[in-house]
Amino acid sequence: MTAPDTQSPAPADKPRREPMFTPEDKANIAWFWRGYLREKLPWLIVVFGMVIAQGFVYQQFLRLTESGLRVIFDSGTLRDLVVICAAVFGVFAFRGVMSYLIPRVSVWIAADAVAKLRRELIHHLMELDLAFFEHTPPAAMIQKLVGQVEGLGNFVGQTTVKAGRDIATVVIVSIYLAYQQPLLFASAAIVFPVIILTMQLVSRKVKLVQAQTENAMRDYISTIDETMSGMRTVKIAGQEEVEEDRLVKSTSRLRRLTIRRNAAQAVILPCIDFAAAFVYMLVIGGGGYMVISPAFDVDGAAIIAFLIGLVLIFDPGRRIAQFVVSLQGALVQLRLVRGLYDERAGIVDAPDAVSEFDTGADLTLDNVTFGYEPDRPLFRDLSLTFGGGQVTAIVGPTGSGKTTILSLLGRLYDPIGGTVRIGDIPVNKIRISDLRQAFSVVAQDIVIFNSSILDNIRYVNPDATDAEVRAAAEAAELADVIAERGDLPVGPKGAQLSGGQKQRIAIARAFLRDAPIILLDEATSALDQKTEDKVKRALGRLARGKTTIMVAHRLSSVIDADRIYVLETGALVEQGTHAELLAKNGLYAQLFDSQKQSYGN
Ligand SMILES: Nc1ncnc2c1ncn2[C@@H]1O[C@H](COP(=O)(O)OP(=O)(O)OP(=O)(O)O)[C@@H](O)[C@H]1O
């Protein structure tokens, strides 16, 4: 039942020597390409074409500059100069138009890819088992769906495209320069290995720090989430300083990592600048010598144009180097996002699952063995039957496994051994959606959304009419509260409601859903006696002719049940009607007596 712990440090937390692109990185890039970009191939080709065209602008500029210099030095005509100036303006105007079109198309492609990725991640999340969510902090999901996916989108739509333009410029201008001045270009090229080596070293470091930053960010969001949702406890317990301290520590960790990342990246630009200085020196010295020396047929205009070409290369070269480094960060994000697909749902429809089953039949646990941790079973060979159309209660000390039984019936978990059945059909042979459709559940953990009470009730049956929703609210004794609050939202997680009001919303949902099997887990525990009596009468009407299973601590709630099961640490210790169990004078009778004394029942 354990889902992999996504809190554990990512493998990249450990320093490791790896190439700039590991096989995993390559597989992840291929996955992203196949799933989210390939379908836009025609548009990507358009972007690619525009990027290449932009790259040619600088090459044309160089050619025109060289010609312009010759016009000036070799006293050409004014007309020649005007033509060259107009051509220079033309090529840069073209570059400007491309600069508008390329991001328009590329951001659209990336936004589509991000939206598709988000849709698929959300769909995948919804399919995962409850156990996964019990082991994964919401912050990890928020971070994936919000930050990491967005980061990937920006990287693909903007950073990569800009880098594509820069790469095209560098390659095209380099080829042009190499063609024009092979000797000078070959001598300048000796700096390339140094730049590549530096980038490799920096990339490794950046990848490592990025993985740690993602973990730190997840912890930071987690801390905010815990603090904000537990603010009532924080205030009452006077723990504001402790929480502030926790948050500040998280931000300090992020700050340290940001500085470390920047320190690693900071080496790149000086390295390129040194390389540039070396190459400029070489070209001015070597190129100057070539102009002066009669041994070479090179003029000043050619050397100046070559120098300008180098300037044109080094600027995008700096940006490409930064791109390669930020690519490492994006690869970490890609790995983390894709990692969600490694999580697989265990509770899925069987290939031969049926939709039809007798919802009024007995529900049975047959020799069920189950534990949240497989090596620590809570139930061993537990057998229980809940009569169809009858009311069955499960009682017992806290932690004895009462709620877990309800979860097994609704197939929120699968047993390790034994079978859970409805009639003759094992629940794992029924389509999950049809199975769960058969249940109305009033659980202990009630999910309330920040909308009106009526909308909260409608959540279980969005197609219900207003009259039906109001009737459910009335049955759950909520009419007064609705009259008072109107359509006001109830605050995040229902923060503006009392515990009893939230519980009545859950009960109203059960009324509205009106399913054939009713599971009540401490359904009325937060209600005062008078309201509880009224709600119970309404629940009694709702339950008529339906299978009802109720979990209750207050034993006065279960005395009318057709059958009562008494559990203790996962084992069935007694069963019978209220009268039979009192007569047995066992655990139930003891619990009942002690409650009678404390409640005066
Ligand atoms: N999601 C979970 N993951 C791991 N252990 C769990 C989980 N839910 C419950 N447990 C453990 O399983 C045992 C049975 O829990 P369960 O909620 O079924 O008891 P219960 O009888 O309903 O308790 P209570 O009366 O307090 O509601 C407890 O020891 C509990 O700590």
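## Contacts and overall form

Of the contacts in the protein chain between residues at least 6 apart in sequence, 80% join residues at least 24 apart; a contact here means that two C-beta atoms, placed from the backbone, lie within 7 Å. This is a predicted model, in which local features need pLDDT of at least 70, side-chain atom pairs count only at pLDDT 80 or more, and totals for chains, interfaces and linings use all residues. Residues are numbered from 1 along each chain as its sequence is written.

The protein chain holds 20 helices and 10 strands, taken as DSSP runs (helices H or I of at least four residues, strands E of at least two) numbered from the N terminus. Its radius of gyration is 35 Å, well over the 25 Å that the globule rule gives for 601 residues, so the chain is more spread out than a compact globule. That radius is taken over C-alpha atoms, and the rule is 2.2 Å times the number of residues to the power 0.38. Along the principal axes, the C-alpha trace spans about 120 × 55 × 50 Å.

## Domains

An automatic or database domain assignment supplies the bounds: domain 1 (24-342), domain 2 (350-438 + 517-523 + 546-601) and domain 3 (444-514). The C-alpha centres of domain 1 and domain 3 are 51 Å apart.

In an unreviewed entry, UniProt lists residues 363-594 as "domain: ABC transporter"; such annotations may be inferred rather than shown by experiment. This span is 35% helix and 24% strand, with its end C-alpha atoms 31 Å apart.

## The open sheet

Follow the order β6-β7-β8-β3-β9-β10 and you have an open sheet of 6 strands with mixed pairing, where a pair needs at least two DSSP bridges. At the edges stand β6 (439-442) and β10 (571-576), each with a single partner strand, so one side of each is left without a neighbour in the sheet.

Within the sheet, β3 (residues 391-395) and β9 (residues 563-568) pair in the parallel sense over 4 bridges. Ile394 has Tyr565 in β9 as its bridge partner. Helix α17 (residues 499-513) lies across β6 and β7 (517-521), running at about 170° to β6; axes are lines fitted to C-alpha atoms, for helices over the stretch in contact, with angles from 0 to 180 degrees between N-to-C directions.

## Two backbone exceptions

Most residues other than glycine have a negative phi. Asn367, in strand β1 (residues 363-370), instead has a positive phi of about 50°. Asp514, in the loop between α17 and β7, also has a positive phi of about 50°.

Asn367 is partly exposed, with 13 other C-beta atoms within 10 Å, and Asp514 is partly exposed with 15 C-beta neighbours inside 10 Å. On this scale, 20 or more such neighbours make a residue buried, 12 or fewer make it exposed, and partly exposed lies in between.
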